[in-house]
Amino acid sequence: MTTPTLQGRAKALLERLDRLAACSETPGQIDRPYLSKSHRSAVALVESWMRQAGLETRIDALGTLVGKRRGSGTDPGMKGRSLLLGSHIDTVRNAGRYDGPLGVAIAIDCTATLRDAPFDVEVLAFGDEEGGRFAGTLRGSRAVAGSFDPRLLDTTDANGISVRAALRELGANPEAWRDEARAAPLGYLEIHIEQGPVLERMGAPLGVVTSIAAATRLQLELRGEAGHAGTVPMGGRRDALVGAADAIRAVRDSALPHPESVATVGQLTVEPGAPNVIPGLVRFTVDLRAPTVSQRDALESEVTRRLQAVADANDLSLAMTRIHASDGCACAPALQDRLDRAVRSLGLTPPRLPSGAGHDAMAIAAATEVAMLFVRCKGGISHNPAESVTEDDVALAIGATDAFLREFAHGT
Ligand code: GLV
Ligand code: MN
Ligand code: MN
């Protein structure tokens, strides 16, 4: 049998991702929240790819699909230690098909071709990277890193279903979360689309990530008083949605003076939500990112100060909960250099760039050295169905990952 070319592997891999796109809560769109029915079907499909690649599979306590290739056992010092590769298979609403699954599919493909590594390789298809269904994110990767907070099993979704109950439905045993912490992993590699325009502007198909931004997500409630839209005079209203409009602008204005920081209100619900009722309650989220923890914290203080001022000015009460915080992480310099060599072996010079997006890598960084390889995406567009990568770039990403693994396993 002839060995498939990088191009042939890329073509087959992109066809797989086209099939995965059909695992969705919403026909015609990609919408695959953590522990949903569509996540369960995605786990089954990706598990079939892992099995074809000769990996032993299991679903872990937090719903991460794990595919393991055992090492040759020739180096007793490596016994029980794994090199970890992974990314996520959950998506945002109306997502593209590459954010997360591209990295999982490349990891499976390259692990299949790695011969006689002296250590185990584990491919991790995480399920809770985007965090749309339950407050908080990164449960799967935090469990692997040994930093999981079990209170996150009790978080409930909008229908009152807990993470614990949803995990049982997937066939996972959430009570075993402690067992997922890996003993001294050898490192972690995540391949991901860039989700920004830097590589495209530089004419570079691949890039080596230097660090991942710090982030916070807040859940907010502005409470006023519902009332009759036809009878309550304009002067006496406590309209929560009018306050929310001011609040959204205040969030944006907090970040504007800081070009490296970003602030977004991405979700908002209005209650009672009828055309003839003054809105009494608005719930919304705020997502903040900055290159360092201190910049992120300064932005968060500015946002919360301004939101309180908006609430006071509109005679509303404000409740605020921090539902996610990540300090971001640095990618290990030695692994960045390894990735750099792997990309150069293809005749390319990879730029180094930071990631403004969050990734499972930042949770895994608590347990081991991490590296990330970015793949150029069209127009830098992501979290959007227009997400797009080329077969040529994916072929290069496969080639670079092969070279990275070969050097890791055999030193060449
Ligand atoms: C994940 O996509 C994130 O950065 O929010
Ligand atoms: Mn994403
Ligand atoms: Mn992602």
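Start your tour by selecting Cys-329, which counts as buried at 13% relative accessibility (buried means under 20% relative accessible area, exposed over 50%, partly exposed in between, with a 1.4 Å probe and protein chains only). Before you go on, note that this is a predicted model, where local features need pLDDT of at least 70, side-chain atom pairs count only at pLDDT 80 or more, and totals for chains, interfaces and linings use all residues. Residues are numbered from 1 along each chain as its sequence is written, chains are lettered from A and ligands numbered from 1 in the order in which they are written, and side-chain values use heavy atoms, leaving out hydrogens and water.

**The cysteines**

A disulfide here is a pair of cysteine sulfur atoms within 2.5 Å, and the structure holds zero of them. Now jump to Cys-110, which is in no disulfide either: its nearest cysteine sulfur belongs to Cys-331, 18 Å away. Cys-110 is also buried, at 1% relative accessibility.

**The ligand site**

Next, select ligand 1 and show its surroundings: Glu-129, Glu-130, Arg-217, Arg-289, Ala-357, Gly-358 and His-383, each with a heavy atom within 4 Å of the ligand. By class, this shell has one nonpolar, two polar and four charged residues; Ala, Val, Leu, Ile, Met, Phe, Trp, Tyr, Cys and Pro count as nonpolar, Asp, Glu, Lys and Arg as charged, and the others, Gly among them, as polar.

Taken alone, ligand 1 exposes 190 Å², and the protein buries 94% of that (Shrake-Rupley method, 1.4 Å probe).

**The domains**

Finally, zoom out and color domain 1 (4–212 + 329–410) and domain 2 (214–326), with bounds from an automatic or database domain assignment. Their C-alpha centres lie 33 Å apart. Where they meet, 13 residues from domain 1 and eight residues from domain 2 take part in the contact, meaning heavy atoms within 4.5 Å.
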